[in-house]
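Thanks for asking me to look this over with you.

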Amino acid sequence: MQKGRRRIDITGMTFAKWEVLRYLPDRKPGSFYDCQCLCGAVREINGIKLRQGMNPPCECDPSKNLVGNQYGLLTVIAKDERENGQQFWLCRCRCGTETVVSRDNLESGNSQSCNRYKHKKKYAKSA
Ligand SMILES: [Zn+2]
Ligand SMILES: [Zn+2]
């Protein structure tokens, strides 16, 4: 074994959203892996960078993923499947009601609670 040159096999490991599928032996300088993002996209990524904590960008750019974000009383819990020229997100209001809101409405602050009037009023007052 050559000192300091040993390749650490990270196949099967997961770094942030990337799961390492397989080593690519024909890539220079020899540390590239096929990695699959949580969104399903597969990319060649430098394993050294992964181990250093780099989080490579993907089509599902984290800034476009609203899951976990909070908007007023709403917490985004999943992407809604609906396709209508804009993104829709499934959100849970603090009262437990689930509601689907467009990304525009979330980011513009138009939607900050479920559609219960008393909520809106309450939130407007406390905000
Ligand atoms: Zn992705
Ligand atoms: Zn509510």
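1. Let's begin with a pair of strands. Strand β2 (residues 18–23) runs antiparallel to strand β3 (residues 32–37), and 5 bridges link the two. Two strands count as paired if DSSP finds at least two bridges between them. Strands (E, at least two residues) and helices (H or I, at least four) are DSSP runs, numbered from the N terminus. Within this pair, Val20 sits opposite Cys35 of β3.

2. A word on what you are viewing: this is a predicted model, in which local features need pLDDT of at least 70, side-chain atom pairs count only at pLDDT 80 or more, and totals for chains, interfaces and linings use all residues. Residues are numbered from 1 along each chain as its sequence is written, while chains are lettered from A and ligands numbered from 1 in the order in which they are written.

3. How confident is the predictor? The score to look at is pLDDT, its confidence in each residue, from 0 to 100. The chain has a mean pLDDT of 83, with 82% of its residues at 70 or more. Confidence is highest in β2, at 95, and lowest in helix α3 (residues 117–126), where the mean is 62. Please read α3 with that value of 62 in mind.

4. Now follow β3 onward. It also pairs with strand β4 (residues 42–46), again antiparallel and over 5 bridges. Phe32 has Asn46 of β4 as its bridge partner, and Asp34 has Glu44. The two strands make a hairpin with 4 residues between them, and Gly40 in the turn has a positive phi of about 105 degrees.

5. Step back and you can trace an open sheet of 4 strands, in the order β1-β2-β3-β4, with antiparallel pairing. Its edge strands are β1 (14–15) and β4, each of which pairs on one side only.

6. Which strands make up the other open sheet of 4? The order is β5-β6-β7-β8, and the pairing is antiparallel. Here the edges are β5 (70–71) and β8, each pairing on one side only. β5 and β6 are joined by 2 bridges, and Gln70 has Thr75 of β6 as its bridge partner.

7. In this sheet, β7 and strand β8 (residues 98–102) are antiparallel, with 5 bridges between them; Phe88 is bridged to Ser102 in β8. They form a hairpin with 4 residues between the strands, and Gly96 in the turn has a positive phi of about 100 degrees.

8. Next, the interior. In soluble globular proteins, nonpolar side chains tend to be buried together. A nonpolar core is a set of buried Ala, Val, Leu, Ile, Met, Phe, Trp, Tyr and Cys residues joined through C-beta atoms within 7 Å. The largest one has 10 residues, among them Leu66, Tyr71, Trp89, Cys91 and Leu106. β6 (74–79) and β7 (88–93) each supply at least two of its residues, and β7 gives the largest share, 3 residues. A second, separate core has 6 residues, including Phe15, Trp18, Tyr33 and Cys35.

9. Finally, is Gly68 buried or exposed? A residue is buried if 20 or more other C-beta atoms lie within 10 Å of its own, exposed if 12 or fewer, and partly exposed in between, with C-beta atoms placed from the backbone. Gly68 is exposed because it has 8 other C-beta atoms within 10 Å. You will find Gly68 in the loop between α1 (47–51) and β5. Gly68 and Cys91 are 23 residues apart in sequence, and their C-alpha atoms are 9.3 Å apart in space.

Technical notes: pLDDT is the predictor's confidence in each residue, from 0 to 100.
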